[in-house]
Amino acid sequence: MGHRLADTVAVIVGAGQQPGTTPGNGRATALRFAQEGATCLLVDRDEGGAQETLDLMGEDAGQSSICIADVTDEAACRTVIDTAVDRYGRIDVLHNNVGLSKGDRPTSDLDAETWDRIMDLNLRSMFLMCKHALPVMRAQGSGSIINTSSTSSLSMRPTVAYKTSKGAINTFTQHVAAENAAAGIRANALLPGLIDTPMAIERRAAESGRSREEIRAERDALVPMGFMGSAWHVADAAVFLASRESRYITGVLLPVDGGLLLKRG
């Protein structure tokens, strides 16, 4: 493989994943980053998931390591950043990739506790990680922040909290980009469309009692390119935003969606 991320230290939040037959976005991105030469701090609240990602890196792992944290807790976010600096001396990339949609409902049916849970994990954790990473990046005079949003943020959806959290992520990313551009720090958001990940497929199969194949076929048919994306498509876009190839790109909302937003308008 190439070494587009040689000498790069990347903090990947949500680098483990729930069980499933396909890789999640966090794991796929961690593996691609390592293949491209990055040293990764794999952050997850589940030690087993993070360790499995590290093991899958094989010889590409280099000095990569895991850090167990619940990023809805501010002290834990501060510890993640401190750990990265202690182990590696710098943070070149912060990739915020945790997300939750489980329990979401139409507005009048959604309970406040579920709203808070989705907002805490999707949005508040991202703010907290950026808050504590930015002073490190500002001192370096460089850094790339990559936030995972969703095409849901720009299209009609049946439920309220996930879409709203992702719309806020877009606005937050643009704010961080503008606020820190003069300091040499870039911030961009990835907007995955319909992606074949455990979070998407396993949850829907469990909740609906339908087969994974049926759910996959239904989702494939919605995409103009004719098939759902994989986590590798998202990971390749993340590599680009982490690398010097995108050094003049900031504040961008980048769909990775096979043309889905063209169809949804």
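**Salt bridges, cysteines and a charged patch**

Okay, let's start with E74, which counts as partly exposed because its relative accessibility is 23%. Buried here means under 20% relative accessible area, exposed means over 50%, and partly exposed is in between, using a 1.4 Å probe and protein chains only. The areas themselves come from the Shrake-Rupley method with that 1.4 Å probe, and for residues only the protein chains shown count as cover.

Quick word on what you're looking at: this is a predicted model, where local features need pLDDT of at least 70 and side-chain atom pairs count only at pLDDT 80 or more, while totals for chains, interfaces and linings use all residues. Residues are numbered from 1 along each chain as its sequence is written, and side-chain values use heavy atoms, with hydrogens and water left out.

So, which residue does the side chain of E74 meet in a salt bridge? The partner is K131, at 2.7 Å from N to O. Helices are DSSP runs of H or I with at least four residues, strands are runs of E with at least two, and both are numbered from the N terminus. K131 is partly exposed too, because its relative accessibility is 39%.

What's the idea behind such pairs? Side chains of opposite charge can pair when their charged atoms come close. To be called a salt bridge, a side-chain nitrogen of Lys or Arg must be within 4 Å of a carboxyl oxygen of Asp or Glu. Searching the whole structure turns up 10 of them.

Have a look at R210 next. Its side chain meets E214 at 3.3 Å, N to O, and it also meets E218 at 2.8 Å. R210 is partly exposed at 27%, and so are E214 at 42% and E218 at 45%. There is also a network of salt bridges linking R32, E36 and D236.

Staying with helix α4, residues 112–140, we find E113 there. E113 counts as exposed because 54% of its area is accessible in relative terms. Together with D111, D116 and D120, E113 makes up a patch of negative charge on the surface. Patch members have over 30% relative accessible area and no salt bridge; like charges are joined within 9 Å, and nonpolar side chains (Val, Leu, Ile, Met, Phe, Trp, Tyr) within 5 Å. Asp and Glu count as negative, Lys and Arg as positive, and His and the chain ends are not counted. Each charge is placed at CG of Asp, CD of Glu, NZ of Lys or CZ of Arg.

Now, how many disulfides does the structure hold? The count is 0. C77 is in none, and its nearest cysteine sulfur, on C130, is 9.8 Å away. C130 is in no disulfide either. A disulfide here needs two cysteine sulfur atoms within 2.5 Å. C77 is buried, at 0% relative accessibility, and C130 is buried as well, at 1%.

Another buried one is V234, at 1%, in helix α8 (residues 231–242). V234 sits 205 residues from T29 in sequence, yet their C-alpha atoms are 7.4 Å apart in space.

Last stop: D7, in the segment before β1 (9–13). Most residues other than glycine have a negative phi. D7 isn't a glycine, but its phi is positive, about 60°. D7 is also exposed, with 75% relative accessible area.
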